[in-house]
There are 2 protein chains.
Amino acid sequence: MNSAVDLPLGVADLTFAASGDALVRRTVLPSGVRILSEQVPGARSATLGYWVAVGSRDESEGGAGHPGTLGSTHFLEHLLFKGTRTRTALDIAVSFDSVGGEHNAMTAKEYTCYYAKVQDRDLAMAVEVIGDMLTSSVIDPAEFENERGVILEELSMAEDDPGDVANERMFQAVLGSHPLGRPIGGRPDTIRAATRDGVWEHYRANYRPQDLVVTAAGAVDHDLLVAGVERALVAAGWDLDRAADPVDRRATDPAVIERGSAIVTVARPTEQANVFVGMPGIVATDPRRTSMSVLNSVLGGGMSSRLFQEVRERRGLAYSVYSFSGSYSDAGVFGLYAGCSPAKARQVTELMLEELRRLASDGVTPDELRRAVGQLSGGAALALEDSDTRMSRLGRAEISLGEFADLDESLRRLHLVTADDVRDLAAELAGRPVSVAAVGSVTDDLFAGLAP
Amino acid sequence: MNSAVDLPLGVADLTFAASGDALVRRTVLPSGVRILSEQVPGARSATLGYWVAVGSRDESEGGAGHPGTLGSTHFLEHLLFKGTRTRTALDIAVSFDSVGGEHNAMTAKEYTCYYAKVQDRDLAMAVEVIGDMLTSSVIDPAEFENERGVILEELSMAEDDPGDVANERMFQAVLGSHPLGRPIGGRPDTIRAATRDGVWEHYRANYRPQDLVVTAAGAVDHDLLVAGVERALVAAGWDLDRAADPVDRRATDPAVIERGSAIVTVARPTEQANVFVGMPGIVATDPRRTSMSVLNSVLGGGMSSRLFQEVRERRGLAYSVYSFSGSYSDAGVFGLYAGCSPAKARQVTELMLEELRRLASDGVTPDELRRAVGQLSGGAALALEDSDTRMSRLGRAEISLGEFADLDESLRRLHLVTADDVRDLAAELAGRPVSVAAVGSVTDDLFAGLAP
């Protein structure tokens, strides 16, 4: 069965087969809480995610007299591990460590996700503990101060990674003042300025029933999952029967993007230059997203890709070279990356841009198209062996796409992509304003003229 | 069934159940080639590894008039992707990219491994292509020069990662002149000095039947695997019937280790100091290796561990803090790591050492022991869901341990570990000479007295 299922909020229950004999079920509680599961026959473990549809883009810059909330979403994510009304930080850590589960969280630009991978018998515990963290954190002032130090260290670690720094600068350069251009973790000054009460306010304002999506995949029984989530939320005093306002947090039309900068360099005494070339990409719901996957595969998605062959195999100029596409509700970024000698940074940047332009003018060969379809379909099949991937796919379907496409439907769409689709998309990308962001022993002058 | 099976070279065929209903089989060809598989019922994909029992420790330093071979093992690993008598580099890349398989290699201190994860229908292709790469590479001089550039970029990338640099310096500091103390990739000067013929010689000398181990896990049929490997090796002209000398590459007794340095610092204008505290650990076959796993779990293995609780949770001094154990045939390293503000680097180092000493004097609590056993057994069960983990476990069993212990046997040993075992091991580690290696805005003076 090929199936692409729309996920409208107004529908309380949906059941559909997905990717072989796995069964996807979705329940929407009256309060707007959404719960999705994918039961995989024979699985002995499960991955669980509690998603909140708030990310760094939803923070405020602040202004005269108000410090803003930059970095508060990520700060909050850390704080939810620090104790609830009934559990200490150590209790939370012990719950997962003592069963050998993986247990972590991530803050992204448009969502925050708390997840755990556990054996089947430990899933109920995971549902309860993460549910408690999400709803009943106390955000103790002393813990808040300790965690401020931890987060400043995390920012320092990222600042010491030249690739991370170049990537963040590239997003800012391409997206300008759009909130998606901001770094996810905030800045050291915004973290130093953050107050316990400010983060508490961010917590109360954003962790609401209608922002919450729970997904689980693997050895999961949907009814037990729903019951477990309800129990955890009711224990926290949430009223699951009171109908909530519909979620309208996200824009649905592509935003108008004004480039922030053409060329940004950060001088560092490093051995390599880390160079990103970026441009506006496509939004998450763009119907050309499958063509984008093919384009990305051909241009910079593997050892046989054009960037790898030209920059690394033929010329030996880089160890790491690739392309990537990031898509969000109302904007996206497409980019090229290489780490290379500073003396070769201009040449490598020119080579990468040339490969994109060649794709825009000449398109892909039938061989390349066939290979990309093989790569993407084989990769998708392999990825679905992990319950992590299935859990994430459910969350992204619900939060970013508004539809769930199973493996067969994804493959059907993939086989519909034509060489013309890819060339047209490449031409559109190549015609957009380019930004170059580089970290290393380089200056703006080195890239002069490459980002007109 | 609990089973720990010895893996003597003299036995041609072994079959044993492992970890539930998976079946492990092992075949030793007369030439010494060893082939192991673990067939997992219901699996739709497989991970394949070709292991060669040669690593960076087997290289020579060189001397008067001879450049040595430092970095040649890793250089060679790269070159095997660059073409054989019948396949170009692009052919090899396309073989895996076109089916969406993962495909890579790693060079370690005591082995090199070429691996692929593919759907079941593509396993025969993977066996053939990697077999061809391993046996029939041409090492074209022009490709050699290109790849020299790629490897120099890879070394530059590692040099720009302060954590990588600190880790390498720590190994050198702890192990002194022992070959295991050397960096795996060589140094820029040894890579610049390497010649095509020198690496070719390294290839011919070390890629012999008796050094080769092939392992596969997941959707794999042992007889087909053996037939496929034999076909690939015979096609390359290997004589699989000629009995080879037994492998005696590895020492079996622990080496006498003389500390290289007490304190090593590399000054860098980074935000964080990356600090490693290291000391000689245990060898791979040490019967206390299960106690070591428990010790490592309690001291620095998760969010509830002592290092995490003391350094991060209570004091907010680091984002990343952990302990680790690395074991090899005749030496090992045990270590502690934290990334922290340079101003706090001494305090954090003292705290980490204090936690090790406290474990040595007071031992672990019954709660901690129970939790560590739960963490390690749960983690082992989850890890076995990936055919990658099973494939690696087979290779390490054959190359490093000389025995294969299934999950039940591993858990049985784990439950035998006592609090006294852990305390005694901690006391032994705490009594060994310590080295501190740090990268950042720090000097040797900062750590004075901490590595007597």
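Chain A is divided into domain 1 (12-235) and domain 2 (263-447), with bounds that come from an automatic or database domain assignment. The structure is a predicted model, in which local features need pLDDT of at least 70, side-chain atom pairs count only at pLDDT 80 or more, and totals for chains, interfaces and linings use all residues. Residues are numbered from 1 along each chain as its sequence is written, while chains are lettered from A and ligands numbered from 1 in the order in which they are written.

Taken over C-alpha atoms, the centres of domain 1 and domain 2 of chain A are separated by 27 Å. To the contact between them, domain 1 of chain A gives 39 residues and domain 2 of chain A gives 33 residues; two residues are in contact if their C-beta atoms, placed from the backbone, lie within 7 Å. On the domain 1 side, two or more residues each come from β4 (34-39), β5 (45-52), β7 (112-119), α5 (162-175) and β8 (212-218) of chain A. Helices (H or I, at least four residues) and strands (E, at least two) are DSSP runs, numbered from the N terminus. The most is given by α5(A), with eleven residues. This side of domain 1 of chain A divides into 24 nonpolar, nine polar and six charged residues; Ala, Val, Leu, Ile, Met, Phe, Trp, Tyr, Cys and Pro count as nonpolar, Asp, Glu, Lys and Arg as charged, and the others, Gly among them, as polar.

Between the chains, 53 residues of chain B are in contact with 53 residues of chain A. The largest share, ten residues, comes from α4(B). The side of chain B that touches chain A has 16 nonpolar, 23 polar and 14 charged residues.

Chain B is superposed on chain A by a rotation of 180° with 0.0 Å of shift along its axis (RMSD 0.0 Å), fitted by least squares on the C-alpha atoms of residues with pLDDT of at least 70 in both. The two copies are thus related as by a two-fold rotation axis. Among the residues of chain B, B:D161 comes closest to this axis, at 3.4 Å (C-alpha). Because 100% of the interface residues of chain B are also interface residues in chain A, the copies meet through the same surface.

Within chain B, helix α3 (residues 123-136) and helix α8 (residues 222-235) pack at an angle of about 35°, with their axes 9 Å apart. Axes are lines fitted to C-alpha atoms, for helices over the stretch in contact, and angles run from 0 to 180 degrees between N-to-C directions. Residues in this contact include B:A124, B:V127 and B:G131 of α3(B), and B:L225 and B:G228 of α8(B).
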